[in-house]
Amino acid sequence: MAGAETAETGRMTYAEQLKHPKWQRKRLTLLDAAGWTCQLCSATESTLHVHHKRYVKGRRAWEYEDRELMVLCEACHDEQHRLQDLLDEMVATAGGEDCLRMVVGLVGGFLATNSSIDEGLCISAVRACPSMFIFGVAGAAASLSCEPRVAAFVQETATEIAPSMGTNRLMNAVVKELTEHPLPSMKVKESA
Ligand SMILES: [Zn+2]
Ligand SMILES: [Zn+2]
């Protein structure tokens, strides 16, 4: 039976899938679970959409786990897709340009610590450059930390690790930049 269903629905366009009762039911379940509220900005008075954080080739719209979907208002939804398209385009045009891939990984890592950024973006960034993604996360952790000692530790570790990652030049530039122009929370408090 499952095979017959695949044959019957396998050629549906995406627009057709979104009209399928199985998607309608999935959508309502998610909207209910989210309390009919945008999961990014908490809007309750705007049109709500159910966003796929990522697409997997061959899967139909409703064949995703709840955690792979997200309830977003129209504005937040547009913004997520704009950012996603931008990152995808950067990764695609980077081609053999390792430097650009590293920048995407680094920026993605920074963004990953921001709860308003969805998983799809993070996945693109990890794909672009896993090692720089990790460095981005560490950098963001340092900049978000209120504890200057933690920031100093991360900076030191990054400086040590950088050469072994074979990305010295870019990494050193980032570390130098952070050292000379520390983010506000990385500055050592001058209280007495
Ligand atoms: Zn919103
Ligand atoms: Zn979407």
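# A walk through a predicted chain

Arg54 sits in the loop that links strand 1 (48-52) to strand 2 (69-73). Arg54 has 16 C-beta neighbours inside 10 Å, so it counts as partly exposed. Along the chain, Arg54 and Gln84 are 30 residues apart, yet a distance of 9.7 Å separates their C-alpha atoms.

The chain contains nine helices and two strands. In sequence order the elements follow the pattern α-α-α-β-β-α-α-α-α-α-α. Of the 192 residues in the chain, 25% are buried. Among contacts with a separation of 6 or more, 61% are between residues 24 or more positions apart.

The average pLDDT of the chain is 71, and 52% of the residues score at least 70. Among the elements, the lowest mean pLDDT, 43, belongs to helix 1 (residues 2-9), and the highest, 97, to helix 3 (residues 21-33). Residues 1-9 stay under 50 in pLDDT, and the model gives this stretch one contact beyond four places in sequence. Residues 183-192 also have a pLDDT below 50, but here the model has 13 contacts beyond near neighbours in sequence. Where pLDDT is low, the predicted coordinates should not be read in detail.

Next comes the region around helix 3. Between helix 2 (14-17) and helix 3 there is a loop, and Leu18 lies in it. Leu18 is partly exposed because it has 15 other C-beta atoms within 10 Å. Leaving aside neighbours within four places in sequence, Leu18 is in contact with Trp23 and Ala61. Leu18 and Arg60 are 42 residues apart in sequence, while their C-alpha atoms are 9.2 Å apart in space.

Helix 3 itself has 13 residues. From its first C-alpha to its last, helix 3 reaches 18 Å, close to the 18 Å expected at 1.5 Å a residue. Just after helix 3 comes Gly35, with a positive phi of about 65°. Trp36 lies in the loop between helix 3 and strand 1. The phi of Trp36 is also positive, near 55°, in a residue other than glycine. Trp36 counts as exposed, because it has 11 C-beta neighbours inside 10 Å. Ser42 is found in the loop between helix 3 and strand 1, and its phi is near 65°, again a positive value in a residue other than glycine. With 10 other C-beta atoms within 10 Å, Ser42 is exposed.

Strand 1 and strand 2 run antiparallel and are joined by five bridges. Is strand 2 enclosed by the rest of the structure, or open? Five of its five residues are buried, so strand 2 is largely enclosed by the rest of the structure. Leu69, Val71 and Cys73 point one way from the strand, and Met70 and Leu72 point the other way. In a regular strand the side chains alternate between the two faces of the sheet.

Helix 4 (residues 74-94) includes His81. His81 is partly exposed, because 13 other C-beta atoms lie within 10 Å. The C-alpha atoms of His81 and Lys53 are separated by 9.5 Å, although the two residues are 28 residues apart along the chain.

In soluble globular proteins, nonpolar side chains tend to be buried together. The largest nonpolar core in this chain has twelve residues: Met102, Val103, Val104, Leu106, Phe110, Ala125, Ala128, Cys129, Met132, Phe133, Phe135 and Val137. Helix 5 (98-112), helix 6 (119-128) and helix 7 (130-144) are the elements that give two or more residues to this core. Helix 5 supplies the largest share, five residues. Another core, of ten residues, lies apart from this one, and its members include Leu40, Leu48, Val71 and Cys73.

Methods: Residues are numbered from 1 along each chain as its sequence is written. Chains are lettered from A and ligands numbered from 1 in the order in which they are written. This is a predicted model: local features need pLDDT of at least 70, side-chain atom pairs count only at pLDDT 80 or more; totals for chains, interfaces and linings use all residues. Helices (H or I, at least four residues) and strands (E, at least two) are DSSP runs, numbered from the N terminus. A residue is buried if 20 or more other C-beta atoms lie within 10 Å of its own, exposed if 12 or fewer, and partly exposed in between; C-beta atoms are placed from the backbone. A nonpolar core is a set of buried Ala, Val, Leu, Ile, Met, Phe, Trp, Tyr and Cys residues joined through C-beta atoms within 7 Å. pLDDT is the predictor's confidence in each residue, from 0 to 100. Two residues are in contact if their C-beta atoms, placed from the backbone, lie within 7 Å. The expected span of a helix is 1.5 Å times one less than its number of residues. Two strands pair if DSSP finds at least two bridges between them.
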